[in-house]
Amino acid sequence: MKTEFMSAVLPAPTAQSEALFARARAVTPGGVNSPVRAFRSVGGTPRFIASAQGAYLTDADGTRYLDYIGSWGPMILGHNLPAVREAVADALQFGTSFGAPGEREVLLAEQVTRLTGVDRVRFVSSGTEATMSALRLARGATGRKFILKFRGNYHGHADGLLVEAGSGLMTNEGHLGAAAPSSAGVPEEYARLTLVSEYNDPQALDALMAERGHELAAVIFEPVVGNAGVLVPTLEFLAALHRVREHGTLLIADEVMTGFRLSLRGATGLLGLQPDLICWGKIIGGGLPVGAYGGRADVMDFVSPQGP
């Protein structure tokens, strides 16, 4: 068995991956279930993975790869960890989905709140659902409709977050930060509710908040940016982020990539952040499809059935 590195330089496509890719293209758009899996940025044919163990992936032809991706983050413990596999097998003995509450939900919620310091947590099925729900909550709690994100920050594929601004700070009809859709199918009218500023530019953020802060329900950000390269926030930018609350705007930390990785309390604990809401993804389920959002009790109590 040979071992290759998952990098920009890949060995020739394997016969099985080529055959599986051809079959997949006939039944799945582009042959993949996420654009990042299509290998277009590095060229070639996607490798179809048959199994994984620890830090290694094995494709359909038996070639083994050192995995630097970790299923895009959730597999920080490594693939197929016996303790995780045993916990999943144990849970399966009792069923998969009940459509009703269960003790395991309570145990997990207690663990998440204890580790992260949030007062309340609501579980969902993905990081995208977590950010989408947190923004809806922010709008409901503040009675405002506009939100602000930062160029290069990825928060899932909800319509209002699939926007870009070209430059981080735009002027459109006199308003700072106006955004345009970055995907077909996102109405411009909806995209206009999302303003965009430049990450790590505290002056731009302060200027935008001075003009539009009274309209903003929330500012959402990645504490450490992943999809645009590893961008670490400056102390000045972190201070500007916390100033948005002076305008009655909620601060949302998207910790789908950083939660439980930078520290057990995520970036929030490591960087001393004080967000009103935090979002997490599959890492809290060992890679299984789950997500969550949580925060202060007075904000989370707006969530139904406690609130409206």
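The following legends describe views of a predicted model.

**Figure 1. The chain as a whole.** The chain contains nine helices and 15 strands. It has 308 residues, of which 41% count as buried. The accessible surface of the chain comes to about 16100 Å², and carbon and sulfur atoms account for 55% of that area. Among contacts in the chain with a separation of 6 or more, 66% are made by residues 24 or more positions apart.

**Figure 2. Helix H3 and its buried face.** Helix H3 spans residues 103-116 and has 14 residues. From its first C-alpha to its last, H3 reaches 20 Å, close to the 20 Å expected at 1.5 Å a residue. The buried residues of H3 are Ala-109, Val-112, Leu-115 and Thr-116. Seen down the axis of H3, these buried residues fall within an arc of 140°, so they line one face of the helix.

Figure 3. On the face turned away from the buried side, H3 carries the exposed residues Glu-103 and Arg-114. Gly-117, which lies just after H3, takes a positive phi of about 85°.

**Figure 4. A nonpolar patch on the surface.** The patch is formed by Val-36, Tyr-68, Ile-69 and Trp-72, which together have about 450 Å² of accessible area. One of these residues, Ile-69, is located in the loop between strand S4 (64-66) and helix H2 (82-92). Ile-69 has a relative accessible area of 37% and is therefore partly exposed, as partly exposed residues lie between the limits of 20% for buried and 50% for exposed.

Terms used. Residues numbered from 1 in each chain as written. Predicted model: local features only at pLDDT ≥ 70, side-chain atom pairs only at ≥ 80, totals over all residues. Heavy atoms only, no water. Patch = residues over 30% accessible without salt bridge, like charges linked within 9 Å, V, L, I, M, F, W, Y side chains within 5 Å. Areas by Shrake-Rupley, 256 points an atom, 1.4 Å probe, with all protein chains shown as cover. Salt bridge = Lys/Arg side-chain N within 4 Å of Asp/Glu carboxyl O. Helix = DSSP H or I, 4+ residues; strand = E, 2+ residues; numbered from the N terminus. Buried < 20%, exposed > 50% of the residue type's maximum accessible area, 1.4 Å probe, protein only. Expected span 1.5 Å × (residues − 1). Arc of directions from axis to C-beta. Contact = heavy atoms within 4.5 Å.
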